[in-house]
Every structure is written in structure tokens, then in C-alpha cells.
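Visitor: Please take me through one part of this model in detail. I would like to look at the helix packing and then the ligand site.

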Amino acid sequence: MLKQVAALAFYARFFRDFSRLGFERRVPPSERRELRFDDQRWVVTGATGGIGRAIALAAAAGGAQVIALARDPVKLDDFAETAGPHRVRIEPVCVDLALVSAVRAAVEHTARKGRLDVVVANVGVMLHDWRTTVEGLETGVATNLINHFVLVEGLRRSGALGSNGLVVSMSSGGMYGARLDLDALEARSADAHDGFTAYAQHKRAQVELTRYWNGLGPSAPVAHVMHPGWVDTDGVRSALPGFRRILARYLRTAEQGADTALWLAATHPPRPGRGGIWLDRHLDPEHAFGFTRGGATAPELVAWIERRIADVDARSAG
Ligand SMILES: NC(=O)c1ccc[n+]([C@@H]2O[C@H](COP(=O)([O-])OP(=O)(O)OC[C@H]3O[C@@H](n4cnc5c(N)ncnc54)[C@H](OP(=O)(O)O)[C@@H]3O)[C@@H](O)[C@H]2O)c1
């Protein structure tokens, strides 16, 4: 009961900005001109559904070559076909972003093709059931966090993603309810797992990862973290059916959720020196409540992720 009241208070606090009304107020129609990405090369994860699909299609329509990563080969083919005349600029690549080995293979494939301009780390799942991958990681943290790191670091270290590159991480307003706690990133048993809490932690962690990449110096790509507001997608339909039922009229379209990622790629704002999270083309504060401050730091987070990757490697070697 207490949890439901807290959730209601949380949603009420953010309704004005995160709903469709927020998008309409914060991005007036006069600013919604066509964005161009000619000669750019993009990678978009989760490109077959929801926000990722809207980003990938708009990037290709704006002239970018898009490497579209997703898991389901049938959906990937359907997605590419819906791009119509822009199909020629889309390369569908089938990869399970829950698996370190699969993401490493995708990095190799992508890096062979040359320089990249934009990586959108979009995939994110809220898993209410506790499950682990064949590599021994909890599936949610592997998908939402660890493999974003594997992807971006792999591309960065290979040289494919350099100082002119841009990383856009798709976080969530849910991170406003979380203080980064490394012990809460990955439950080791079903009893210890809470899908909401884990998701909020992963999304808060993306803010710290962004700080990590921006702290690497001028040779590293510029990194931004954003959230899309509340968007009507299959992800929301399956993970938050009650939320969707109540707020149906106020949810954003996938295109509205995608808008900030596209705008960041078109305008390339400088590294946000003091952090922040983008929503509707505005850099908002990273914290809305005092209790979320003072959590684990970016270097501590990266050390944690690297330990979990080393565990995967040790298991596969042994
Ligand atoms: N919707 C919202 O209101 C909202 C709010 C805040 C933040 N976000 C964030 O925005 C991002 C996109 O959300 P969404 O609602 O658009 O998601 P969605 O509707 O669930 O779309 C999911 C996409 O990700 C792919 N995917 C999922 N798991 C994958 C895996 N293991 N490997 C490869 N691809 C995988 C799916 O492809 P397959 O079908 O092939 O697996 C599909 O293309 C997420 O990071 C989410 O946390 C969304």
C-alpha cells in the first residue's frame, strides 16, 4: 500500500513534464523542423520497437546510414521494409543485447565498417521476473547497463567512435527515484529481485556512465543521457499495464519520445560539464529529491561493471 502511494505521488510530481502535455509545451511546433543527418553513420539498439524504431527510421529518413540492432530477426526484416525508400540506408543486425558475447560480435562487425557518428544506447527492459542469461548475469542489468558499456567501450576502444562521435543513452524518469546503490543493481535470487527498483537503479547508473565517458577527456566521444517522457510502446504495455490504462490519453507517441535523441544528434551540444539529463531538448537536473544524492560514483560503477564482465569471461574460460 505504502509503495502504491509513493508511486502515485511520484507520477503526480512529474505528470506536467513527462506526459504528452510536457512535450507539447516544451517543444513548440515552431521548433519542430526537419532534422538532417546526411553522411552520418549511426548505431541504434532496440531499433525494431517503440522509441528505438522511431529514432532509427527518422535517422535513415534524414540521410544517415543506420546499423539497427535488435533481437528478433522477423521484426528486424519487417522494420527494415517499413523504411520504404530509406531501406537502402538501414543495415539490420540481429543481436541479443543481454549477452556480452553477442554484443562483442556486434562491436567487431560494426567497427570493421569504419567511423561512427552516433550511438543510441536505447534498449531498456523492466523485468518483473528474476532471470539470468546463459552467461550468468541477471538479464535486466545485462541488457540495460552492462552491455551498453560493452557496446560503447568496444566501439570507443576500437577507434570507430572517436572524439567527433556522440553517445546518447536512453535513461528514464524512473531514475529520479533512485540513489545509485551498486548492491541493488543485480539481485542474486528471485526473492531479492524487484523489477521497479532494479530498473530505476539501471537508469540512474546510465547517468553515471555518461559522466564517466565525459570525464575521459577530449579524445572520447561526447556523451549525453536523456529520457523520453512517458511513451505508449510495447514495453510500457507489457511492463506497466496499470500505468498505461490510467494515463493512456496522456502518453506520448514514439516519435515524441524519440525527438530529443534526434535533436541531440542534429545540434551536437557540448559535453554537459556539470551533468544533467535531457528531456524535450532541455537539460534538466539529475536529481529531483535530496535522498537520491551521494550514491555510488562513476568510477565505482565502472569498476563494478568491469568485475561483472570479468566474471562472464572467467566462466566462459573455465
Ligand atoms: N516507453 C516509455 O514510456 C519509456 C519511459 C522512460 C524510458 N524509456 C526507455 O526508452 C527505451 C526504449 O523503450 P521502449 O518503451 O521504446 O521499449 P520497447 O517498446 O520495449 O522496445 C523494445 C525494443 O528493444 C528491443 N530489445 C529488447 N530486448 C532486447 C535484447 N535483449 N536484445 C536486443 N533487442 C532487444 C526490442 O526488439 P526485439 O523485439 O527484437 O527484442 C525492441 O526493438 C528503454 O531504454 C526504456 O527504458 C521508455
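Guide: Start with the contact between two helices. On the α6 side, V141, L145, I146, F149, V150 and R157 take part; they meet L301, V302, W304, I305, E306, R308 and I309 of α11. Sorted by class, this contact of α6 with α11 holds ten nonpolar residues, three charged ones and no polar ones. Keep in mind that the model is predicted.

Now the geometry. Two packed helices are described by the angle between their axes and the distance between the axes. Helix α6 spans residues 139–158 and helix α11 spans residues 298–317. Their axes come within 11 Å and cross at roughly 95°. An angle from 65 to 115 degrees counts as roughly perpendicular, and α6 and α11 are therefore roughly perpendicular to each other.

Helix α11 also packs with α7. Here the axes are 9 Å apart, at an angle of about 105°. So α7 and α11 are likewise roughly perpendicular to each other. From α7 come A205, E208, L209, R211 and Y212; from α11 come A298, L301, V302 and I305. By class, the contact of α7 with α11 has seven nonpolar residues, two charged and no polar. L301, V302 and I305 of α11 are in the contact with α6, and L301, V302 and I305 are in the contact with α7.

A polar backbone atom of L97 is 2.8 Å from a nitrogen atom of the ligand. A polar backbone atom of G235 lies 3.0 Å from an oxygen atom of the ligand. For G124, a backbone N or O atom is 3.2 Å from a ligand oxygen atom. Taken alone, the ligand exposes 900 Å², and the protein buries 92% of that.

Which elements build the shell? Those giving two or more residues are α3 (50–61), α7 (195–214) and α8 (234–239). With three residues, α8 gives the most. There are 32 residues around the ligand, and T48, K75, N122, Y199 and T233 come nearest. The shell divides into 14 nonpolar, twelve polar and six charged residues.

How values were computed. Residues are numbered from 1 along each chain as its sequence is written. This is a predicted model: local features need pLDDT of at least 70, side-chain atom pairs count only at pLDDT 80 or more; totals for chains, interfaces and linings use all residues. Side-chain values use heavy atoms; hydrogens and water are left out. Axes are lines fitted to C-alpha atoms, for helices over the stretch in contact, and angles run from 0 to 180 degrees between N-to-C directions. Helices (H or I, at least four residues) and strands (E, at least two) are DSSP runs, numbered from the N terminus. Angles under 35 degrees count as roughly parallel, over 145 as roughly antiparallel, 65 to 115 as roughly perpendicular and the rest as oblique. Contact means heavy atoms within 4.5 Å. Ala, Val, Leu, Ile, Met, Phe, Trp, Tyr, Cys and Pro count as nonpolar, Asp, Glu, Lys and Arg as charged, and the others, Gly among them, as polar. A residue is near a molecule or strand if one of its heavy atoms lies within 4 Å of it. A polar contact is a pair of N or O atoms within 3.5 Å; within protein, one must be able to donate a hydrogen and the other to accept it, and residues adjacent in sequence count only if both atoms are side-chain atoms. Accessible areas come from the Shrake-Rupley method with a 1.4 Å probe; for residues, only the protein chains shown count as cover.
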